[in-house]
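Please keep the structure in view while reading.

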Amino acid sequence: MLAKNTRQMTLAGAMILAMMASYAGGAMAQNSPEAKPEAKEESAIMKKAEKCYRTGKWKEAADLFREAIREEPNNAKAHQRLGAILAGMASDNNSKDTYDTAILECKQAIKLDPTYFLPQVVLGQIYANQGEMEKALECFKEAVRLKPSSFRAQMDYGLALTHLEKVDEAIAAYQAASRLDEKDMTPYLNLGVLYAQQENWPKAIESEHTALTLGQAAGSNPAGMTPAYINLGNIYAESGDYKQAEQAYRDAIKISPQHPNARSGLGWMLEKQGKYQEAVDEQRKALKVQPNFTPARRRLATALASLGNTKEAETEFNNAINQAPRDVAAHVEYAKFLEKQGQKDKAEVEFKKALEIKPNSKLAQEGLDKLKAK
């Protein structure tokens, strides 16, 4: 049910934070084996609605659940299901009115049965889609309290914690999820990102390799392995192992030749090894696929600068910052570029902008300190 665009965590290199399922149309809540058991026999309408619900006939299911609610206004499950369907429709159409109705349905389900965890999950996903992560966190936390054995609730709880930068708690949530389903790769994919944020490179690498092993054992679609290779590339790159990083990005490209993260990551590593024209070529390939992919835009700028093409480099830095004004890495790299051009005052401004966005940015603080020391 969460919005279709993939949510990402970013170090210097756009690590991928995995969703555990497709959320379109509320699929995560709807196709759940964890549905609340009913104490009494369901009505004929509810049975028919459930059948449509589980086979993806959303509009028909919504109409039937509305009919079931008219017959049984206190049916918490019917309200939850209707809320889930409406939330999925709202995420597809970005409809505030539909979201508002979905919220009301979920809240009614919670009121009718406070022990039912699924309405909390759906409500949390709605708030997450609307950018209200604090509210989402409270819902997921309650869902986990109500049903600690829910893999889905633990995963969503970890997601909200991650976005609120509660890293230790997010790690604990994903570890709990990994114990609930030992064959699912997605908790490990996300753990690798979080360990990397802590600069715990061995654990980050181990987690991504575990994700790959589990994915291969499960016979996953090869494309599903791409995020783990990209994350591995980013982790190796951040830890300074450029050769291993290059290989991980190339492994990702073998599976997904047009993936912008993989192409841009490869270009990044080629630049680190002094292969500047090849680096420019890879960044342009990434931007051809996804013109608004900011990491590729700023890496293109740094590669162009390394080639001596300062005019075009400055244009690309400005494009990157205009595209993503809160991209800390873009401001930092632009500051370093300006410093090399002898524009120290402008460089200081960019370092300070980066620190305004992220006060604990080591890269920005170190850059500013070195600039002032000269």
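## Helices α6 and α7

In this predicted model, the contact between α6 and α7 is formed on the α6 side by Gln120, Val121, Leu123, Gly124, Gln125, Tyr127 and Ala128. Their partners in α7 are Met133, Lys135, Ala136, Cys139, Phe140, Glu142, Ala143 and Leu146. Sorted by class, the contact of α6 with α7 holds 10 nonpolar, three polar and two charged residues.

Helix α6 spans residues 118–129, and helix α7 spans residues 133–146. Their axes come within 8 Å and cross at roughly 160 degrees. Because angles over 145 degrees count as roughly antiparallel, α6 and α7 are described as roughly antiparallel to each other. The crossing of α6 past α7 is left-handed.

## Helices α8 and α9

What is the angle at which helix α8 and helix α9 pack? Helix α8 (residues 151–163) and helix α9 (residues 167–180) pack at about 160 degrees, and their axes are 8 Å apart. The two helices, α8 and α9, are therefore roughly antiparallel to each other. Their crossing is left-handed.

On the α8 side, the residues in contact are Phe151, Gln154, Met155, Tyr157, Gly158, Leu159, Leu161 and Thr162. These residues meet Glu169, Ala170, Ala173, Tyr174, Ala176, Ala177 and Leu180 in α9. By class, the contact of α8 with α9 comprises 11 nonpolar, three polar and one charged residues.

## Helices α12 and α14

Helices α12 and α14 pack at an angle of about 25 degrees, and their axes are 10 Å apart. Angles under 35 degrees count as roughly parallel, so α12 is roughly parallel to α14. The crossing in which α12 passes α14 is left-handed.

From α12, the residues that make the contact are Ile230, Asn234, Ala237 and Glu238. From α14, they are Asn261, Ala262, Trp268 and Met269. The contact of α12 with α14 has five nonpolar, two polar and one charged residues.

## The second largest pocket

Empty space in a structure can be located by rolling a probe the size of a water molecule over the atoms. The second largest pocket contains about 840 Å³ of space. It is lined by 27 residues, of which Lys272, Thr302, Val332, Glu333 and Lys336 are the closest to its centre.

Which elements give two or more residues to the lining of this pocket? They are α12 (226–239), α14 (260–272), α16 (294–306), α18 (328–340) and α20 (362–373). Helix α18 gives the most to the lining of the second largest pocket, with seven residues. By class, the lining of the second largest pocket divides into 11 nonpolar, four polar and 12 charged residues.

Methods. Residues numbered from 1 in each chain as written. Predicted model: local features only at pLDDT ≥ 70, side-chain atom pairs only at ≥ 80, totals over all residues. Heavy atoms only, no water. Axes fitted to C-alpha atoms, helices over the stretch in contact; angles between N-to-C directions. Helix = DSSP H or I, 4+ residues; strand = E, 2+ residues; numbered from the N terminus. Parallel < 35°, antiparallel > 145°, perpendicular 65-115°, else oblique. Left-handed = near helix turned anticlockwise from the far one by under 90°. Contact = heavy atoms within 4.5 Å. Nonpolar A, V, L, I, M, F, W, Y, C, P; charged D, E, K, R; others polar. 1 Å grid on protein atoms, 1.4 Å probe; cavity = no way out; pocket = protein on both sides within 12 Å on 5 of 7 lines; lining within 4 Å. Points joined across faces, edges and corners; volume = space filled by probe spheres on them.
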